[in-house]
Amino acid sequence: MKKAFVRSYGCQMNAYDAARMADVLGQQGYAATDSVEEADVVVLNTCHIREKAAEKVYSELGRLRVLKGERRLAGLDTRIVVAGCVAQAEGAEMLARAPAVDVVVGPQSYHRLPQLLDASRAKRVVDTEFPIEDKFDHLPARRNKGVSAFLTVQEGCDKFCAFCVVPYTRGAEVSRSVAAVVAEAEKLAEAGVRELTLIGQNVNAYHGAGPAGVAATLPDLMRAVAGIPGLARIRYTTSHPNDMGDDLIAAHAEIPALMPYLHLPVQSGSDRVLGAMNRKHTGDQYRRLIERIRTARPDIALSSDFIVGFPGETDAEFEETMRLVAEIGFQSAFSFKYSPRPGTPAAERADAVPEGVKSERLAALQARLDAQRHAYQRAAAGRVAEVLVEKPGRRPGQVTGKTPHMLAVQFDAPASTIGSLVPVRIVEAGANSLFGEMLPQVAAA
Ligand code: SAH
Ligand code: SF4
Ligand code: F3S
């Protein structure tokens with residue numbers, strides 16, 4: 001049987017696309033493999049968000065060139081496909097830079113993978129169009145669903161933050177219809193998925209066609225999905241602060257299946273830097289927004305993204321980010337050194353922050369964020385949480401799952417609990433994971 005190796009380097013949307021490409025190849029008779037050496041087709045689903053992410057792909061392609069040559073000597077053909085956001089950004093340039101590549105395909109046209117692979121046997125091909133047809137209408141059914149699944153409901157971004165490539169690589173904001181999302185969600189639920197994360201580059205700007213032809217909002221969509229039998233939990237990511245409307249905040253109080261966790265990137269605590277980033281909100285507006293969200297859902301766990309060393313960022317401005325972090329208190333966060341990206345307005349700026357300063361700021365910020373994460377985990381010890389069991393744990397006899405607040409917990413329980421919600425007492429907080437004990441199930445009243 002032919003084999004396909006598919007790897008994702010980027011965000012959740014990118015991981016979702018990688019899974020769907022594996023589905024497309026599965027329909028063509030390719031079995032999935034984790035071993036690149038035995039793959040007849042290799043798909044690298046790339047990310048362009050920071051320089052490091054993009055460069056990783058070229059080092060991988062260097063290794064693949066050698067592997068492809070070795071396989072050819074053994075009489076085996078290997079097709080190398082570069083998909084995702086680097087493919088979209090660089091297009092035909094990739095063919096020149098990486099001789100091993102056979103197909104370059106963008107995030108909106110990967111449903112054409114079978115035709116592109118066929119065509120590549122005659123000539124190397126590039127398809128980075130944003131086609132009229134909707135790729136979702138041309139994708140086969142999903143496999144490998146697991147207990148917790150992602151579902152892309154929105155793509156692209158119209159925000160144009162000054163540092164970010166996403167509006168260029170993913171294009172303008174487009175939302176799928178409620179009917180299309182519900183149909184995909186129903187199939188996932190039938191196959192045993194219990195938790196669904198609705199994803200999009202800017203998911204809270206969702207505005208898909210609703211049942212009566214009227215545009216639906218993200219809360220409308222969540223209500224439609226919450227009614228699907230079997231689905232116990234809903235999450236969504238990633239959101240922009242300016243699209244956190246009153247109805248979405250209220251949804252956190254009103255929709256029981258919506259989990260008390262919110263990833264809401266703020267990027268910086270300095271109003272001057274936020275302005276230069278084109279974020280269109282201030283630090284205080286973010287603080288007030290968080291207050292309103294916490295009023296609706298007092299126990300909500302918050303997460304964020306931060307960029308340090310944006311061009312022109314001073315020590316005092318960085319300290320404002322540190323102050324905002326101290327004031328809000330995050331359960332978890334991602335933080336990055338600013339990385340200039342070709343084609344973005346910030347990349348044109350001449351006032352870059354020196355690399356050493358960026359590193360120092362990142363270390364200071366991460367130390368504070370880590371301390372908050374550990375404090376949050378320690379505070380969970382002793383409590384009882386409902387855990388959705390996702391998969392076998394690290395040791396035999398153990399399983400692992402997540403609390404509503406997204407904390408990962410390991411505990412002893414039979415594999416038959418996978419897919420169930422079970423009460424677990426958190427007994428110990430480790431560095432990255434919590435350890436718990438399952439409590440006897442309380443019969444539903
Ligand atoms: N749509 C999401 C996430 C986009 S990318 C949002 O608006 O939040 C994920 C994160 O990568 C961003 O939140 C930002 O913190 C970081 N990022 C984006 N471009 C970057 C760059 N040029 N340098 C460093 N980090 C960047
Ligand atoms: Fe990028 Fe900003 Fe859009 Fe997020 S909101 S994807 S950071 S442009
Ligand atoms: Fe990366 Fe593209 Fe996602 S640049 S973060 S894979 S949208």
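This is a predicted model: local features need pLDDT of at least 70, side-chain atom pairs count only at pLDDT 80 or more; totals for chains, interfaces and linings use all residues.
Figure 1. The side chain of Gln267 brings an N or O atom 2.7 Å from an oxygen atom of ligand 1. Ser339 takes part through its backbone, with an N or O atom 2.7 Å from a nitrogen atom of ligand 1. Taken alone, ligand 1 exposes 540 Å², and the protein buries 89% of that (Shrake-Rupley areas, 1.4 Å probe).

**Figure 2. The shell around ligand 1.** Here we step back to the 15 residues around ligand 1, of which Gln201, Pro265, Gln267, Asp305 and Ser339 come nearest; a residue counts if one of its heavy atoms lies within 4 Å. By class, this shell has six nonpolar, four polar and five charged residues, with Cys and Tyr counted as nonpolar and Gly as polar. Strand S13 (301-308) and strand S14 (332-337) are the elements that give two or more residues to it (strands are DSSP E runs of at least two residues, helices H or I runs of at least four). Ligand 1 lies between domain 2 (144-259) and domain 3 (267-279 + 291-380), because both give residues to its shell; the bounds come from an automatic or database domain assignment.

**Figure 3. Ligand 3 and its surroundings.** Among the residues around ligand 3 are Cys11, Cys47, His48, Cys85, Arg170 and Gln201. The shell divides into five nonpolar, five polar and one charged. Domain 1 (3-127) and domain 2 (144-259) each supply at least three of its residues.

**Figure 4. Ligand 2 and the annotated span.** Residues around ligand 2 include Cys157, Cys161, Cys164, His240 and Arg279. Seven nonpolar, one polar and two charged residues make up this shell. An unreviewed UniProt entry places "domain: Radical SAM core" at residues 143-378, an annotation that may be inferred rather than shown by experiment. That span is 39% helix and 15% strand.

**Figure 5. A salt bridge between Arg20 and Glu184.** These two side chains meet at 3.4 Å, N to O, where the rule asks for a Lys or Arg side-chain nitrogen within 4 Å of an Asp or Glu carboxyl oxygen. Arg20 in helix H1 (residues 12-27) and Glu184 in helix H7 (residues 178-190) are 164 residues apart. The count by this rule comes to 36 salt bridges.

**Notes.** Residues are numbered from 1 along each chain as its sequence is written, with chains lettered from A and ligands numbered from 1 in the order written. Local features need pLDDT of at least 70 and side-chain atom pairs pLDDT 80 or more, while totals for chains, interfaces and linings use all residues; side-chain values use heavy atoms, leaving out hydrogens and water.

How values were computed:
A polar contact is a pair of N or O atoms within 3.5 Å; within protein, one must be able to donate a hydrogen and the other to accept it, and residues adjacent in sequence count only if both atoms are side-chain atoms.
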